[in-house]
Amino acid sequence: MTLASHYQSSRCAISFELFPPKTESGIEAMLNNVERLRSFDPAFFTCTYGAGGSTQDSTLDVVEKVKKLTGLPVASHLTCVGSTVDQLAAFLQEAHRRGVDYLVALRGDPPKGSAQFEAVEGGLRYANELVAMIRENFNHFGIAVAGYPEVHQEAVDAKTDLDNLKRKVDAGADVIITQLFYDNADFYRFRDDCVAAGITVPIIPGVLPVTNFKQAERIAAMCKAAIPKSLAESMNQNDDADYQFNVGVEHARLQTIDLISNQVPGIHYYVLNKSEAAEKLLDGLELAAH
Ligand code: FAD
């Protein structure tokens, strides 16, 4: 099945994003959660690359294990950070050998402490160059790229960021998966702007069920995703862990219901290797509203 074809069905296609655990027990716990998430009939699972200091091999280990366990397609994220084109090509060859179906092709973040991304000698500067390289040499992979409803933090302005997003699509990306956001209005504005800019590939909103306020603040600062005042106020009404979990999950559930009724072809959930929040928010939801 091609990546784009998941989004042609009348059912909203869901995907779950994992990250490489650091320990054996972490891997075991993640796989248990993957099995639970499998019951929601996701289109595919993805695993991050290099984020939080993880190694490249660990990403492929995760997707290989998840594919074996679920029989579902898997996507490996891939960034340009610290790699020459030859090293990226070697990774892509290995990813193909290990059964990876799709890629989330990214530039990656600048290293901690520096505001600007610097390509290594013989490396790539922007994600559109990575997409072009994959299309030219590894055309069998489906490719997703990142989009930013609240504008990428390094972008000069929203219009330039959108032009750069279009470069990635023109280079051959099949779908756009967005950065997480808490206010659906930001996504709808972004989607309208993409359409006006001539982007025709599926645009998949990224949703993170936050489970406590401190985490929400940390992630929001990292990803430049504003927390709506109403969500901050509700979460802060009570320090109790269960209370904050329920408020965060309910917010993501309401976001999901609203997105489906606004005809999104899919939703990508940042589940952080857990299943409880996603299970609670998806429980009993009708995914076939469009
Ligand atoms: P780009 O699309 O290259 O954009 C980077 C910046 O450069 C933007 O400001 C853009 O406007 C500008 N730009 C783009 N192209 C050009 C051009 N040709 N000329 C001039 N300016 C240009 N990070 C990880 O480390 N690992 C992961 O696994 C990971 N997964 C992610 C998954 C998703 C769905 C998302 C939304 C983000 C993910 N990230 C991950 C974070 C991502 O790496 C960062 O947001 C990074 O800073 C930008 O990556 P990008 O691919 O969007 O870059």
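Select Arg-98 and display its surroundings: leaving aside residues up to four places away in sequence, Arg-98 touches Leu-60, Asp-61 and Glu-64, where contact means heavy atoms within 4.5 Å. This is a predicted model, in which local features need pLDDT of at least 70 and side-chain atom pairs count only at pLDDT 80 or more, while totals for chains, interfaces and linings use all residues. Residues are numbered from 1 along each chain as its sequence is written, and side-chain values use heavy atoms, with hydrogens and water left out.

Stay with Arg-98, which sits in the loop between helix 3 (85–97) and strand 4 (102–106); helices (H or I, at least four residues) and strands (E, at least two) are DSSP runs, numbered from the N terminus. Arg-98 counts as buried because its relative accessibility is 13%, buried being under 20% relative accessible area with a 1.4 Å probe, protein chains only.

Next, select Phe-16 and Phe-45, whose ring centres lie 5.7 Å apart with planes at 40°, so the pair is tilted; rings of Phe, Tyr and Trp (its six-membered ring) pair if their centres lie within 6.5 Å, and planes under 30 degrees apart count as stacked, over 60 as edge-to-face and the rest as tilted. Phe-16 belongs to strand 1 (residues 13–18) and Phe-45 to strand 2 (residues 44–47), 29 residues apart.

Key: Buried means under 20% relative accessible area, exposed over 50%, partly exposed in between (1.4 Å probe, protein chains only).
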